[in-house]
Amino acid sequence: MEPRSLFSGFCSNSITPLYRNPQNPLSSSPPSLSYPCFNQSKHQVSFEIQYFLSSQRLRSVRRLLCKNSVEKVSNLVSEKEGSKSWVKRKRLAVFVSGGGSNFRSINQACIEGFVNGDVVVLVTNKHACGGAQYARDKGIPVILFPKTKDEPDGLSPDDLVKVLREFEVDFILLAGYLKLIPAELIRAYSRSIFNIHPSLLPSFGGKGYYGMKVHKAVIASGARYSGATIHFVDEHYDTGRILAQKIVPVLANDTAEELAARVLREEHKLYVEVTTALCEDRIVWREDGVPLIQSKENPEEYY
């Protein structure tokens, strides 16, 4: 059966202000928030902004629209050394609920040029979590979702979709995000949302299986192997099509903490590898609906 490439990106028609991330000069993340300070020179417009986006500030995304007569922001592309064709640089949204170690690995790989993309916005359900603080430190806009009693400034599902389109997000990466993704977002970003899970799915997955609970269950079962899984996201917990997996041995005297640390190290590597393939348009679909990754070295091989 012949694999078929299938990608879908979502872009708004608005012009976003140029922002040069000091950690990544290729980034064009659209800043949006209160108290912008404009520093205009002959060649560019720069912004000094404290990032935070809530439902009350949604309209500010549209207010901070500008054009620059010298530089035009549109379809930033990059060309890998030795490649024969140009590939549009992808715009990534990452969702986190905690420290965001996978988010940090992906963002660092983008900054260092290993990934043909940029993290342009972070979504979290906890405004004070470590991942959100890291994003603010790196100048990445932070969005609260969903709206809850603890986070009254969170966006609604429809507003979240609108904001992600304002940021011209191509792909969404869940990295320790513990909330169920709403159907509105699944429909808007079909086959463009990914999650990483700390076990070899379909084992030890589903509602209630997250964090240390997964590793405790693996050890208690007597399983000799665990690992990490990256899968497409659907309307349920951990049931989307599996894209990639990494196997990790479970040692005889492992504690849950030791197993978790071993799996997490592989998670960081696997998510960067898959994000790299994603941003190079190397995800393909077999005729029976199974997603595969096309080898960069040999385009005739898939895994």
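Tyrosine 271 is in contact (heavy atoms within 4.5 Å) with Asn102, Ile106, Leu173, Leu174, Ala175, Phe194, Asn195, Ile196 and Ile230, leaving aside its neighbours within four places in sequence. The model is a predicted one, in which local features need pLDDT of at least 70 and side-chain atom pairs count only at pLDDT 80 or more, while totals for chains, interfaces and linings use all residues. Residues are numbered from 1 along each chain as its sequence is written, and side-chain values use heavy atoms, with hydrogens and water left out.

A nonpolar core here is a set of buried Ala, Val, Leu, Ile, Met, Phe, Trp, Tyr and Cys residues joined through side-chain atoms within 4.5 Å; buried means under 20% relative accessible area (1.4 Å probe, protein chains only). Helices are DSSP runs of H or I with at least four residues, and strands are E runs of at least two, numbered from the N terminus.

Just after H4, glutamate 168 has a positive phi of about 55 degrees.

Turning to strand S7 (residues 117-124), threonine 124 is found there. Threonine 124 is buried, its relative accessible area being 0%, and its side chain reaches the backbone nitrogen of lysine 126 at 3.0 Å.

Definitions and conventions:
Buried means under 20% relative accessible area, exposed over 50%, partly exposed in between (1.4 Å probe, protein chains only). A polar contact is a pair of N or O atoms within 3.5 Å; within protein, one must be able to donate a hydrogen and the other to accept it, and residues adjacent in sequence count only if both atoms are side-chain atoms.
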